[in-house]
Amino acid sequence: MSVLVYAELDSGRFKKATLEACSYGVALATMRNSDVAAIVIGECHESELLQIVECGISKVFRVLDSHLETFTTTKYISVIQSIVRENGFNTLITSQSYNSKSITPGLSIRLKSAFISGVVGLPRIEDGKEIYQRMAFSGKGVEEVIALLSDIVISVKTNSFGVNKNKTGELNVIPFNFSLSDDVNDIVPKEIIKTSSTISLTDAEKVVSGGRGLKGPENWGMIEELAGLLGAATACSKPVADVEWRPHHEHVGQTGIQISPDLYIAIGISGAIQHLAGVNSSKVIVVINKDSEAPFFKSADYGIVGDAFEVVPKLINAVKKMKNSL
Amino acid sequence: MNILVCISHVPDTTTRITFEPNGKSLNKAGVTFVINPYDEFGLSKAMEFKEKSNDVHISVICVGDIETEPTLRKALAIGADDAFRIDTQPLDSFSVATLIAEWAKNKSFDLIFTGKESIDENSGAVPGMLAELLGFSFISYATKLDVNGKSVIAYREIDNGMEILEAQLPLLVSCQKGIAEWRIPNMRGIMAARSKPLTVINALQVENRVNTLNFKQPEGKTGCVYYSSDNPEELISVLSTKGII
Ligand SMILES: Cc1cc2nc3c(=O)[nH]c(=O)nc-3n(C[C@H](O)[C@H](O)[C@H](O)COP(=O)(O)OP(=O)(O)OC[C@H]3O[C@@H](n4cnc5c(N)ncnc54)[C@H](O)[C@@H]3O)c2cc1C
Ligand SMILES: Nc1ncnc2c1ncn2[C@@H]1O[C@H](COP(=O)(O)O)[C@@H](O)[C@H]1O
């Protein structure tokens, strides 16, 4: 029951979600008493690879091929399929990055595997079977599933398991040569536009989010300032993105991005069920709203009933003070 | 252009989700079902093409039992030309994808739309599986799509950005917000939908690969702790003491 983790590089770096997938793979392999390895596609600095070792994976299949410099689903599916097959792995683990989410279903078909998407936590064992938990109904339900095949592909829900980088070991890189013909793909990536150099929303551990209660785009300065101080990403509700007070990629919720940070601060957001669907798996939720009846307070851990224009500047000062006293 | 839109029949986004006492399934009492919002983006995009050309045919398909027919009728009211229902209770993503693939494989669709995920299963599995089973090129998480003859330019969401791609039809595209605006069916559409064909197809025997044992509600929050708006410092110090910030 050996485990292979697809350790995805993003511009030569491993994101937290990737290291989380590695940590998950190691824990699962330990539970099963089996081997674990990782596959890394593309260029990166050796020190990046050491992070995987710290997560507990020494054996790394390394694929360097000019065809694979840009991601396409078909190419990446083919490479990972070869490594899994040639080395007899029967469990493949990935993060839930957009690119990983785009290849796992297809890979499960190629590998004749069962596909379990977005697991939260390690499986429990009952009658010798691994029972996995995943979220369903947009965070409103927890589903328990079992695979009916012995080969499985698993993606790990972002920020559900955590990164455990406390291991030591010798890095053992196994170069993997892969010949890919040019013509297998008719999708041609042309350009990548990164939205900002700041923290990516799906990866962020902390998120400060604003809603229609902030009245207009000119009032986002304090949101950005608070986020900056906390090292948080910024987000917004759907209507705010719809009227273009904020860019679309910041829109969280049922129809936007689903996030599960450690801390979500919602300012001037009512807490409509479609908004909650994108944020309800955040570990701690803080709500600031001038209406004490705002539905969001029902899902909050901490709340302040008050006018954002008074409360947020005070919060900013409080954070500054706290930082200065450290 | 022949377009297929895969429609998943899901509880309305405002539904309070509860489960049957045995945990095996959703408690459907009082639940309104709708077209999965992401699938509706795909259908709306298909309608944009149809409005620009007389040569566009839109089929919609759902794997589901008879309860899903009102949802398919709604898709017809929005403007699809015909609807197909593969008559079975879906067991897992693999069986859904296999059933749709088996049905669609010789039908020469130029474009297949799915949602990025269904808001009940949230697997995001059917599109990638279907593309693989049909041997279709696959663009996931599409936020923009322009088709010119056989040439396609698409934008897809990636972590912290967008990717611009070129492709050729035929193609499978999983849709998310941005690709089109939702449409509200008008009276004429609703009337017309009644006489459009909705064909029921017998489901092949497909073995599922994943078995759902049970559902339960997630553990709720224990209650909100309030801090005064005069003194938000307290909140900051609590968050800091707990190591949250
Ligand atoms: C199919 C569907 C999908 C949807 N998907 C999403 C989604 O993905 N994400 C999403 O966010 N929404 C989504 N929505 C919309 C959702 O239903 C709500 O309309 C939306 O979330 C409301 O945004 P809001 O809270 O910013 O605005 P409002 O509902 O207008 O709330 C503003 C809040 O700000 C408070 N407020 C006002 N002034 C102040 C002040 N000075 N200080 C402090 N508080 C103040 C008010 O008390 C109020 O609670 C969807 C809707 C549908 C039908
Ligand atoms: N039962 C179904 N019938 C038709 N299409 C479906 C069905 N289930 C899922 N899909 C399609 O696959 C997409 C992703 O669903 P899922 O993999 O369940 O998250 C949906 O947005 C639909 O387009």
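Which strand of chain B does strand 13 of chain A pair with, and in what sense? In this predicted model, strand 13 (residues 188–194) of chain A is joined to strand 9 of chain B by antiparallel pairing over 6 bridges. Within this pairing, Ile193(A) is placed opposite Met162(B) of strand 9 of chain B.

The pairing belongs to an open sheet of 10 strands, with the order 13(A)-9(B)-8(B)-7(B)-10(B)-6(B)-1(B)-4(B)-5(B)-11(B) and mixed pairing. Strand 13 of chain A and strand 11 (198–202) of chain B form the edges; each has a single partner strand, so one side of each is left without a neighbour in the sheet. On average, neighbouring strands are turned by 30 degrees against each other, direction ignored. Elsewhere in the sheet, strand 1 (residues 2–6) of chain B pairs with strand 4 (residues 57–63) of chain B in the parallel sense, over 5 bridges. There, Asn2(B) faces His57(B) of strand 4 of chain B.

Two helices of chain B lie across strands of this chain. Helix 4 of chain B lies across strand 1, strand 6 (111–115), strand 7 and strand 10 (171–175) of chain B, at about 155 degrees to strand 6 of chain B. The loop between strand 9 and strand 10 of chain B contains Pro170(B). The peptide bond that joins Leu169(B) and Pro170(B) is cis, with omega at about 0 degrees.

Strand 14 (residues 206–210) of chain A pairs in the parallel sense with strand 16 (residues 263–267) of chain A over 5 bridges; Gly210(A) has Ile267(A) in strand 16 of chain A as its bridge partner.

A salt bridge is formed by Lys320(A) and Glu225(A), whose closest N and O atoms are 3.1 Å apart. Since Lys320(A) is in helix 8 of chain A and Glu225(A) in helix 5 of chain A, the pair ties together parts that are 95 residues apart in sequence. Over all chains, the count comes to 31 salt bridges.

The contact between the chains involves 90 residues from chain A and 75 residues from chain B. Together, chain A and chain B bury about 7,100 Å², of which 58% is on carbon and sulfur atoms. On the chain B side, the residues that lose the most area to chain A are Asn160(B), Arg209(B) and Lys221(B), which together account for 11% of what that side buries.

Between chain B and chain A there are 6 salt bridges. One of them links Asp242(A) to Lys177(B), with the closest N and O atoms 3.7 Å apart. Across the interface, 39 residue pairs are in polar contact. Elements of chain B that each supply at least two residues of the side touching chain A include helix 1 (37–52), strand 8 (151–158), strand 12 (210–216) and helix 6 (233–241). Strand 9 of chain B gives the most to this side, with 8 residues. By residue class, the side of chain B that touches chain A divides into 36 nonpolar, 22 polar and 17 charged residues.

In chain A, Asn33(A) lies in the loop between helix 1 (16–32) and strand 4 (36–41). Although not a glycine, Asn33(A) has a positive phi of about 60 degrees. Most residues other than glycine have a negative phi.

Key: Residues are numbered from 1 along each chain as its sequence is written. Chains are lettered from A and ligands numbered from 1 in the order in which they are written. This is a predicted model: local features need pLDDT of at least 70, side-chain atom pairs count only at pLDDT 80 or more; totals for chains, interfaces and linings use all residues. Side-chain values use heavy atoms; hydrogens and water are left out. Contact means heavy atoms within 4.5 Å. Buried area is the accessible area (1.4 Å probe) that two parts lose on being put together, summed over both. A salt bridge is a side-chain nitrogen of Lys or Arg within 4 Å of a carboxyl oxygen of Asp or Glu. A polar contact is a pair of N or O atoms within 3.5 Å; within protein, one must be able to donate a hydrogen and the other to accept it, and residues adjacent in sequence count only if both atoms are side-chain atoms. Helices (H or I, at least four residues) and strands (E, at least two) are DSSP runs, numbered from the N terminus. Ala, Val, Leu, Ile, Met, Phe, Trp, Tyr, Cys and Pro count as nonpolar, Asp, Glu, Lys and Arg as charged, and the others, Gly among them, as polar. Two strands pair if DSSP finds at least two bridges between them. Axes are lines fitted to C-alpha atoms, for helices over the stretch in contact, and angles run from 0 to 180 degrees between N-to-C directions.
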